[in-house]
Amino acid sequence: MKIMEENIAAKTGDLATCEDAYCITEHYACVIDGATDVSGKRYNGQTSGRLISQVIARTIPQLPPEADLVEIIRIINNTLVTHYKEQGMYESIIENPFCCPTAAMILYSKHWQKVWMIGDCQCMIDGKAYTNPKRVDDIIANTRSLFLEAEIRKGKTIEQLLEEDTGFEAVRPFIQAQYYMQNVQEKTQYGYIAMTGFEFHLDQVKTIYMNPDAACLVLTSDGYPVLKPTLRESEDALAAILTNDPLCFREYKLAKGLVQGNVSFDDRTYVRILLH
């Protein structure tokens, strides 16, 4: 595998705060998107999203080249739980689900010629895009959109809302509530899976079966709202949204928008790989 293009950027402009991570080895390509923290807790100065993305990225090179999905998830989960216990986090996580470090992950296995999608990362294979949206994200994004439209009707301006996103504060309880839907054992209308260190049903993992002749693979986090074949095109699409809808509540609805002083609404990672 040859890396043709790669980019990782923090929404703040400071890479030290970035909750994304990626790892490319001889056998695997992986992008990890740590979930935005809503608990306010910090672990050795890190948010839970940065913590989990960094631990997973360090674990990928340790995976056996021919590991199947069952073994891969077991190894990563065991590593995460061991880390939680070493850092004195484990009991707090068990008692408060919304404090649990959470990440989306997209992983390509060269041996199995598969891409596994856990959460809302994205990929493109020879120009064809694949996404994996969550129903709860759509509900929360539309709720925030409604709230912000009402705020504008009541007299607030876009500029004021960029300074203080009252829409995000309005949906914060829903974001915290969604963690109770995460990796639930029984099927529910709002359930979804994520990397946390704890078990989930592997049959819920979206699997893309690669054509052995596929030449180009792009992996990204959802910080790129429109996935394009090249980094430049993807950056241009993002820039257009940040210009036209910086609050991200009309053209591209999200649970959060651009915060004043930040460079984007979310951290972002883009990796384009030549497979042959």
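Reader: Which element gives the largest share of the lining of the largest pocket?

Author: Helix α4 does, with 4 residues. Please keep in mind that this is a predicted model.

Reader: What is the volume of the largest pocket?

Author: The volume is about 800 Å³. The lining consists of 38 residues, and D120, K134, D137, D222 and L254 are the closest to the centre. Besides α4 (135–153), the elements that give two or more residues to this lining are β3 (28–34), β4 (103–109) and α6 (166–178).

Reader: How do the residues of that lining divide into nonpolar, polar and charged?

Author: There are 20 nonpolar, 9 polar and 9 charged residues. For the second largest pocket, the lining divides into 5 nonpolar, 9 polar and 10 charged.

Reader: Which residues lie nearest the centre of the second largest pocket?

Author: They are K11, T36, D37, V259 and N262, from a lining of 24 residues. The volume of this pocket is about 560 Å³.

Reader: Now the rings, please. How many aromatic pairs are there?

Author: The count is 4.

Reader: Is Y224 buried or exposed?

Author: Y224 is buried, at 0% relative accessible area, and Y270 is buried at 0% as well.

Reader: Which residue lies over the face of Y90?

Author: K85 does, 4.9 Å from the ring centre. Y90 also forms an aromatic cluster with Y84 and F198.

Conventions. Residues numbered from 1 in each chain as written. Predicted model: local features only at pLDDT ≥ 70, side-chain atom pairs only at ≥ 80, totals over all residues. Heavy atoms only, no water. Phe/Tyr/Trp six-rings, centres within 6.5 Å; stacked < 30°, edge-to-face > 60°. Buried < 20%, exposed > 50% of the residue type's maximum accessible area, 1.4 Å probe, protein only. Lys NZ or Arg CZ within 6 Å of the ring centre and 35° of its normal. 1 Å grid on protein atoms, 1.4 Å probe; cavity = no way out; pocket = protein on both sides within 12 Å on 5 of 7 lines; lining within 4 Å. Points joined across faces, edges and corners; volume = space filled by probe spheres on them. Nonpolar A, V, L, I, M, F, W, Y, C, P; charged D, E, K, R; others polar.
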